[in-house]
Amino acid sequence: MFVFGYDSYMEHAFPRDELDPLHCRGRGPDRRDPSNLNINDVLGNYSLTLIDALDTLAVMGNSSEFQKAVRLVIDTVSFDKDSTVQVFEATIRVLGSLLSAHIIITDTKQPFGDMTIKDYDNELLHLAHDLAVRLLPAFENTKTGIPYPRVNLKKGVPPDSHNETCTAGAGSLLVEFGILSRLLGDSTFEWVARRAVKALWSLRSNNTGLLGNVVNIQTGHWVGKQSGLGAGSDSFYEYLLKSYILFGEKEDLEMFNAAYQNIQNHLRRGREACNEGEGDPPLYVNVNMYTGQLMNTWIDSLQAFFPGLQVLIGDVEDAICLHAFYYAIWKRYGALPERYNWQLQAPDVPFYPLRPELVESTYLLYQATKNPFYLHVGMDILQSLEKYTKAKCGYATLHHVVEKTKEDRMESFFLSETCKYLYLLFDEENPVHKSGNKFMFTTEGHVVSVDERFRSSLWEDILPGQEDSAHRSKHTELKAANFSSNCNRVPDERRYLLPLKSNYMRQIDRMVGLI
């Protein structure tokens, strides 16, 4: 699957950003319509799909193609482009991949095989630095420290730029910017990203502790008051935890624990325990950030990442239930609609752009439980993708999950994440699992080694109170706020049973109209 998509991109689309899999051609930014943000936020005229796929090549052990792709990036990619891109997308897709590939190349252990590049002189790190410098104007002239959503890579923040940004977009830059700062010994990038996180955190509701999803970067006023786990909010919570895992900063974990408790208190509906008791299955809904009152009856496909995040903190039982709900939706349609109305039992927004979140959670749940059920889930997803999304030259977005009509677009995250997580689900012997190294995935699925060098700050004078954070963080517990469930509650004897009792599984199937 990955090889077909990647080879099709290289044959028909490179050096353009994305592959149009129906017409076998490439696409770049929409210069004729600058307001086409669905395209222009992501495509910057910098061979996006090639860059985003680099570490997938390495994880799959394809050293010759990885080395060839890295050389192509070094020789052909420039960020000196008159392209206005979203800071968040450029950070997670491009900056993150360049840093991941650089770390893989320079790793003395070479866990994925020989991924070294002859005469490599940190070119990918230099490219990452160049891109990050071009993104820095987004953090200037903002009264709150929360960045503008978009920058022009040549000219800085556009004069007609909006003052509104989403929580995830502004608050999910810390992993990539922090890695860059610690590799360079330059505090600038981590400092601006951390300032944005702290600014957003300070704006949470005094009543519920929740954050909204859209904020004015000049006034700090919440324009969007919806608090949920999907689009606009998702990776903000993800990066509070992953920043702690990578950097060991105590305050990141403290924020995450508080956020997780507030999510449990105000967003979670249904019975207290996943696998016992009476009542509806646990579900996380969209609420008003100030009151905790339900705002609508839909959830979106991006929220399917959350069971994977729960696995990382040990709340495996709750993860099992939420994952089962999303898998039931997948079984009904052979894909995940972008928005699903759980009250109407129907899609509100019916397209599926090959998103990876359900695969990611499936992979992490399998790693946590080793229950073969999740291999069956992965096979089901794989077969659905082959059946409904495979096109003449790659894999296509589903325009409508019921009608199975296709759109002529293969987003770069299909190769960066969807294929990678599927591959790792079935590859038990992969170095990610067996090398003895510890790895973490960014929100774009880029693999990063959890390395001691990322746990030491070089700038205590710039970031006061951070000294010896790796030592101090040992005293802050990583805990699931739902104390009735934790890793230890999944005993070995359950490994070959359904992870969710059959009566609860049928209950979820009925909830989504499967039976």
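Histidine 162 is found in the loop between strand 4 (150-152) and strand 5 (164-166); strands (E, at least two residues) and helices (H or I, at least four residues) are DSSP runs, numbered from the N terminus. The model is predicted: local features need pLDDT of at least 70, side-chain atom pairs count only at pLDDT 80 or more, and totals for chains, interfaces and linings use all residues. Residues are numbered from 1 along each chain as its sequence is written, and side-chain values use heavy atoms, with hydrogens and water left out.

**Histidine 162**
- Histidine 162 is exposed, with a relative accessible area of 55% (exposed means over 50%, buried under 20%, partly exposed in between, with a 1.4 Å probe and protein chains only).
- Tyr148 and Pro149 are in contact with histidine 162, residues up to four places away in sequence not being counted (contact means heavy atoms within 4.5 Å).
- The C-alpha atoms of histidine 162 and asparagine 216 are separated by 8.8 Å, while the two residues are 54 residues apart along the chain.

- An open, antiparallel sheet is formed by three strands in the order 12-13-14 (two strands pair if DSSP finds at least two bridges between them).
- Strand 12 (298-300) and strand 14 (346-349) each have a single partner strand, so one side of each lacks a neighbour in the sheet.
- Neighbouring strands of this sheet are turned by 35° against each other on average, direction ignored (axes are lines fitted to C-alpha atoms, for helices over the stretch in contact, and angles run from 0 to 180 degrees between N-to-C directions).
- Strand 13 (residues 339-341) pairs with strand 14 over three bridges in the antiparallel sense.
- Opposite asparagine 341 stands alanine 346 in strand 14.

**The helix across the sheet**
- Helix 14 (residues 316-333) lies across strand 12, strand 13 and strand 14, and runs at about 95° to strand 13.
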